[in-house]
Amino acid sequence: RSSNYSDRPNLVTTALFGMDFNTAFLRYGDAWRLHRRFFHQSLKVDSASRFVPMQQSKAHQLLRGLLESPELYIDHLLQYSSSVIMKSIYDYDPLTTNDHMVYIIGRPPANSAPVLTIPSWFPGMGIKRNGALCREWAKDWNGERINLRMGTVLITMEERRKCHSSMIFDALRKTEQKDAAPGWLQCLKGAAATAFAGSYSAGSETSSSALTTFLLAMILNPEVQEKAYAQINAVVGEDRLPTLDDRSSLTYIDAIMRETLRWNPVTPLSIPHAAVNDDIYDGYHIPKGATVMTNTWFDHAVLAMFRQALIFKLSVPKDEDGKDVSFEPEWAAGITTIVPRIPGMDANKLEELINANA
């Protein structure tokens, strides 16, 4: 049945804003299957393990940034998530958030609405002018600088120099361009640009958004933070940093990350799908071509209610009689600093812990 909902609705704003290369918005067909193959061959579970050392190195960079300037935690999280994706897709290593490639993909598409038959000069039709601007930005995602990165990988391969694993490298190594199907190279660029852009902008900022939600959860649930710290101390100690090799022993930490994704999913309504053929589901007739939205947040919330598996249980304060205490929520400036758990933690101590994992 799932194959019947593999299609996407025909969103007229997709082409208007230059996002017709994006894997998430492709209609089901040959191009979509080719995109999926690129992702699958490089990012499936048994292939993604080769990126672990790189991810560990990027995590260390994140810790250094948080220690040196904790007030810039949002920037550090964005830098971390974007650099991991860029390295695994293009073997490109941005050193700062001011990197030009990061700047290119950090420009968000404008808001869209289906008012497309009115001329762009008409008052209120800024959507069309914004669309033209976004199409220019989309050209950057698939344009000269992206071609330059692919060219660098090709030259490295031709000179038989060592090339780090990446999605671009895998695809170019496995397929001779002269033998490739029509549109193969453009599909490769589109798939790479999807991951590239989706890592940093794409509205939700995916990985960095989940990490920001994790920080919020730890602030709202200090007892969970205490229990997590106790488990890390028991398993890892204070002489080194945890690695993915410790994951099987850090069951509570793993549960916290899963609960973070359940508690506030990055895409609460997922991505629109479309029915390939007519279907009957739970007594409802779903006609061919109908747009289907998945309420991910609701599904996760109901599942947790039945399983009683909530880790983040936010409670309302009670008075002596057990009645709810009314309170007025107030806006705050947000997180102002991040304090290390280990007393006396400084840059030198952090480097000692990082080197202990080497």
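Which residues in H5 meet which residues in H11? In this predicted model, local features need pLDDT of at least 70 and side-chain atom pairs count only at pLDDT 80 or more, while totals for chains, interfaces and linings use all residues. Residues are numbered from 1 along each chain as its sequence is written, and side-chain values use heavy atoms, with hydrogens and water left out.

Of its 358 residues, 38% are buried, where buried means under 20% relative accessible area, exposed over 50% and partly exposed in between, with a 1.4 Å probe and protein chains only. Contact means heavy atoms within 4.5 Å. Among contacts between residues at least 6 apart in sequence, 65% join residues at least 24 apart.

Two packed helices are described by the angle between their axes and the distance between the axes. Here axes are lines fitted to C-alpha atoms, for helices over the stretch in contact, and angles run from 0 to 180 degrees between N-to-C directions. Helix H5 (residues 73-90) packs on helix H11 (residues 206-220) at about 140°, with the axes 8 Å apart. The pair is therefore oblique; angles under 35 degrees count as roughly parallel, over 145 as roughly antiparallel, 65 to 115 as roughly perpendicular and the rest as oblique.

To return to the opening question, H5 contributes Tyr73, Ile74, Leu77, Leu78, Tyr80 and Ser81, which meet Ser207, Ser208, Leu211, Thr212 and Leu215 in H11. By class, this contact holds seven nonpolar, four polar and no charged residues. Ala, Val, Leu, Ile, Met, Phe, Trp, Tyr, Cys and Pro count as nonpolar, Asp, Glu, Lys and Arg as charged, and the others, Gly among them, as polar.

H11 also packs with helix H13 (residues 251-263), at about 105° and with axes 9 Å apart. H11 and H13 are therefore roughly perpendicular to each other. On the H11 side are Ala210, Thr213, Phe214, Leu216, Ala217, Met218 and Leu220, which meet Ile256, Met257, Thr260, Leu261 and Trp263 in H13. These residues divide into 10 nonpolar, two polar and no charged.

Elsewhere, Thr23 is found in the loop between helix H1 (12-16) and helix H2 (30-43). Thr23 counts as buried because its relative accessibility is 12%. Leaving aside neighbours within four places in sequence, Thr23 is in contact with Trp32, His35, Phe39, Gly190, Ala191 and Thr194.

Methods: Helix = DSSP H or I, 4+ residues; strand = E, 2+ residues; numbered from the N terminus.
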